[in-house]
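I opened this notebook to record what I looked up in one structure. The entries follow the order in which I took up each topic.

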Amino acid sequence: MSLGAVVILVLVLMLALLLLRVPVAVSLGLAGAIGLVLLHGFNHATLELGADPFSQIASFSLTIVPMFVLMGMFAVRAHVAEYVFAIADRVLSRFPGGLGVATVVASAGFSAVSGSSIGTAATLARLAVGEMRKSGYPAHMATALVAVAGTLGSMIPPSTFLVLYAILSQQSVGEMLAAGIVPGALSALAYAIWIGFAGWQLRRRGQVVADAENVQDALSQAKAIQAENRRHAPLSSLPWRGLGYILLLFAIVLGGMYSGIFTATESAAFGAIAAVLILIWELRKQGAKGVWQGIKGALESTAGTTAMVFFIIIGSGILSAFFVSAGVPGMVTAAVSSWSLSPTWIMLILLLCLVPMGMVLESLSLLMISVPLILPVALEFGFDPIWLGILIVKFIEIGMVTPPVGINAFVVSGATGVKSETVFRGIIPFFVIDMILILIFFFTPDLILFLPGLVQN
């Protein structure tokens, strides 16, 4: 069998397994293993499979991943997201689209300590969708907003995706996280502007309060009354400590890292320590049992998430070993170099290919597959790898909310009871916004590289 036929067979097998809902790690690893057997025989493949899984995860730099995940899980159980949403809701709800803008602000704020897109979307779905529906937002708009705003956790530090990209591409974790600040803030601003405009249109049409008979309100009547009272409560009564917690964790992680007090891994560990102290303080009134249940739940969630991430890293490592053995990165570089186009347009075309890939691939697997294929081309043409990483993560954000795999849309659907088709229907304007943002980031790389340059200097 020719080399090209082996590569095509492996890719088809991988996609078929993914479409059959085989776990991502198994799909990637099995496809890569079969490719190695076809290329070099069974003995060589078993030697490769015996060494690669250990070498992929036996890296000290990867310890930053469970530390950031643990920090986010502690923050979730300390009700930080609820506090931030309560503040944003009280301050912004009086304006047209204010509740939607408050949702975006709360998502951005919580992303700054959780580092998890799925966690942010799940938490805000329970908090915000019911209130937006009660206020007159259509179901597709309310759920899509939460799903898209949740993707900010993939860009705003401490993003797990940015950390993994930095490790895969051998870039500085600190510079990579710094690069996500401006794109994350601009994305949040763009979402807020759109939902503010949409809210103004709803108010102009008199739809700010929906008919209770037509609203699937996710809040109980008691919670609805509490929410209404909160909107009229004095500012001094708001849980401002939630904002303080976010600033504290942000200062420990990024401040400690960029001041040189901590390394990137140490900053994640100290952030997790600060988060567990916050959780203990917040749950102290529930007694030792309540505190222990909060800590235990965070540890269990972290263990599950970390195991999933590391399992996918192993699977993608096997697939990457096949790609390297088959010379796939060199094939891609040679193929695109033969196009009669400028390097700028070649890179744009390659990145745009991530849109259909994101529609069928899970977000983490998309990162693991795209980096070894696109990064060599970018380096060959002289593009900055940090700039490339932000664009790849931005495309991953799009994949998180586009059918048929858009995980954030399914998370919001499951948390609210709204059909996934309804969530996907509301994604369209946000998809357009994200594509415009990608073009801006692509053609103005200084927006991305400004802060990493300061860190480097």
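Helices (H or I, at least four residues) and strands (E, at least two) are DSSP runs, which I number from the N terminus. I note that this is a predicted model, in which local features need pLDDT of at least 70 and side-chain atom pairs count only at pLDDT 80 or more, while totals for chains, interfaces and linings use all residues. Residues are numbered from 1 along each chain as its sequence is written, and side-chain values use heavy atoms, with hydrogens and water left out.

**Entry: backbone in the loops**

I looked up Q170 and found this residue in the loop between α9 and α10 (173-179). Its phi is near 60 degrees, a positive value in a residue other than glycine. Q170 is exposed because its relative accessible area is 72%.

I then turned to H79, which sits in the loop between α4 (64-77) and α5. H79 is not a glycine, yet has a positive phi of about 65 degrees. With 30% relative accessibility, H79 counts as partly exposed.

I also recorded a cis peptide bond between P157 and P158, with omega at about 5 degrees. P158 belongs to the loop between α8 (139-150) and α9 (160-169).

**Entry: a helix pair**

Two packed helices are described by the angle between their axes and the distance between the axes. Axes are lines fitted to C-alpha atoms, for helices over the stretch in contact, and angles run from 0 to 180 degrees between N-to-C directions. I found that the axes of α5 (residues 80-92) and α6 (residues 98-114) come within 8 Å and cross at roughly 145 degrees. Contact means heavy atoms within 4.5 Å. Among the residues making this contact are V84, F85 and A88 of α5 and L99, A102 and F110 of α6. I class Ala, Val, Leu, Ile, Met, Phe, Trp, Tyr, Cys and Pro as nonpolar, Asp, Glu, Lys and Arg as charged, and the others, Gly among them, as polar. By these classes the contact of α5 with α6 has 12 nonpolar, two polar and one charged residues.

**Entry: spaces in the protein**

On a 1 Å grid over the protein atoms alone, a cavity is a set of points where a 1.4 Å probe fits but cannot get out; a pocket is an open set with protein on both sides within 12 Å along at least five of seven lines; lining residues have an atom within 4 Å of a point. Grid points are joined across faces, edges and corners, and a volume is the space filled by probe spheres set on the points.

The largest pocket holds about 840 Å³ of space. Its lining has 38 residues, and I118, M308, E362, S363 and I407 lie nearest the centre. The lining divides into 26 nonpolar, 10 polar and two charged residues.

I counted three cavities of 30 Å³ or more, and the largest cavity has about 50 Å³ of space. Its lining includes E362, S363 and I407. Helices α19 (363-381) and α20 (385-399) each supply at least two residues of that lining.

**Entry: S363**

Is S363 buried or exposed? S363 is buried, because its relative accessible area is 9%. S363 lies in helix α19 and touches F161, I396 and M400, not counting residues up to four places away in sequence.

Conventions. Buried means under 20% relative accessible area, exposed over 50%, partly exposed in between (1.4 Å probe, protein chains only).
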